[in-house]
Amino acid sequence: MVTKRLEQKHSFGKRWTHWVNFPVLFVMIWSGMLIYWANDVYEVNAGPVAFHFFPDAIYRTFNLDHRLSEGMAVHFLFMWLFAFNGLMYVLYTVISGEWRDLVPQKNSFRDALEVMLYDLGLRKQLPPQGKYNAAQRVTYSAIIVMGLGSLVTGLAIYRPIQVAWLTEGLGGYTWARLEHFALTLGYLGFFVIHIAQVVRAGWGNFQSMVTGVELVDNKLEAKEPVHE
Amino acid sequence: MSNPKSPLSTPEQELAQRTRRGFLGLGVGAAAAVGGWQWLWSQPQMGGVPMPLRRVLDANARLTQGALFGDQHLAPEFPPERIQQIRANGDFGLEAPLDPESWRLAVTPYRGAAPAQLTLADLKKLNKLDYTAEFKCIEGWSSIVRWGGVRFRDFVSMYAPGAERAAFVSLETPDKEYFVGVDMASMLHPQTMLCFEKNGQPLELAHGAPLRLVIPVKYGIKNIKRIGAITFSDQPPLDYWAEEGYDYYAGL
């Protein structure tokens, strides 16, 4: 019989900022939609496919219409929580040295493609990996850059005269607003894939994001790849 | 329940205990978040939003006006070929017919100086100001427009001397249906103008004829059309949209 032991997987600082970010980002996206509704001009037109952000049914179903002032008031409170929590995560990751497990390495971008093919069942072998696979390194780093991007584009449309240099650098006010919106779509895409991967990885992986530890075999060579 | 001090016999048991504790902690955190959210919305309303949200809007405004940014930054100007069509959005206070001949700007100067009734010709005696800037509506759209008028700063020197010592300016439509309050620093901004021309033509009625405020450092809601009266005060004057839950400062 294989004996098992508990191994520390996710540090306290990482779990704390992760679970704080979840509701805070949710409130930011929700209040952002209350704001966006007042000038909902974006649509995707790819040949025959057209999608308008957002169909009236979405506004009605989730009660998002005619709430601009409320959206702004909430957005401009929770922006501080979002920024502070993100800063705490980055500081923690840098000081603890955990960034080494997370930032992409030389081969990460190429390997990430192979991880993706593996996950889709199109490839049998995973490339060699550390605590996080190449796709995770790329994604978890990109999401932090995106968070910074949301703060920067957000500031550019929040105070476009005070930071006119920044707003102009992002292509002007209307472009900065579109960039801010596009980043939010990016979070939604991340969220869908993240949840699918968490479900796939199973209970042990999920509970380790809550408790910090997971049960591993004492024989380390049998270690399963980590997905989350 | 096992005694937490006694060593747990197996890793499985320890994991079970840590899982219970972990999810309990997560549950407590979630309950605290929901409780905090409910507390926020149970607070007394102040200008159409719960008090804590109003306080944060005001604090953000102070931060913007204060050392972090300062409030005399110029709005970027654009070449005339980038002028865009601007929609006529708000019509509060514009319903009554306007007789340009009998229109007057009622000025109540600061601290008891004599009130004045000004005509457009009186205002046009001041130096003309003309620039092309991006007008930004709080709804999220924006348009590049060329505006012509006179600096509010010059207007104060000529027709309400000393009034720059007041903390706020109140501007109202003649029927008092629409009214805004603006901090003095923003009113004295070099681009803040009493405007009577749009894109080189006299202002249309829908855009605020005969005289409107153009203040690029604020959202459109503060750019009041068809001004009938200007008053100076030390207390924040009533503001139409700030009563409906919007930021009083509404600064850009």
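This is a predicted model: local features need pLDDT of at least 70, side-chain atom pairs count only at pLDDT 80 or more; totals for chains, interfaces and linings use all residues.
Figure 1. The accessible surface of chain B comes to about 12,200 Å². Carbon and sulfur atoms account for 56% of that surface.

**Figure 2. The build of chain B.** Here we step back to take in the chain as a whole. Chain B contains 5 helices and 12 strands. Its radius of gyration is 26 Å, well over the 18 Å that the globule rule gives for 252 residues, so chain B is more spread out than a compact globule. The C-alpha trace of chain B spans about 95 × 45 × 35 Å along its principal axes. Of the 252 residues in chain B, 48% count as buried. If we take the contacts in chain B between residues at least 6 apart in sequence, 66% of them join residues at least 24 apart.

Figure 3. Is D111(A) buried or exposed? With a relative accessible area of 11%, D111(A) falls under the 20% cut-off and therefore counts as buried. Leaving aside residues up to four places away in sequence, D111(A) touches P127(A) and A134(A).

**Figure 4. Two tyrosine rings in chain A.** A search of the whole structure finds 35 aromatic pairs over all chains. One to look for is Y132(A) with Y140(A): the ring centres are 5.8 Å apart and the planes meet at 85°, so this pair is edge-to-face. Both Y132(A) and Y140(A) are buried.

Figure 5. Now follow W203(A) across to F23(B), with which it forms a stacked pair, 5.5 Å centre to centre and with 15° between the planes. On the chain A side, W203(A) belongs to helix α9 (residues 203–211), while its partner F23(B) lies in helix α1 (residues 11–42) of chain B. How exposed is each of these two residues? W203(A) has 54% relative accessibility, so W203(A) counts as exposed. F23(B), at 26% relative accessibility, counts as partly exposed.

Technical notes:
Residues are numbered from 1 along each chain as its sequence is written. Chains are lettered from A and ligands numbered from 1 in the order in which they are written. Side-chain values use heavy atoms; hydrogens and water are left out. Helices (H or I, at least four residues) and strands (E, at least two) are DSSP runs, numbered from the N terminus. The radius of gyration is taken over C-alpha atoms; the globule rule is 2.2 Å times the number of residues to the power 0.38. Buried means under 20% relative accessible area, exposed over 50%, partly exposed in between (1.4 Å probe, protein chains only). Contact means heavy atoms within 4.5 Å. Accessible areas come from the Shrake-Rupley method with a 1.4 Å probe; for residues, only the protein chains shown count as cover. Rings of Phe, Tyr and Trp (its six-membered ring) pair if their centres lie within 6.5 Å; planes under 30 degrees apart count as stacked, over 60 as edge-to-face and the rest as tilted.
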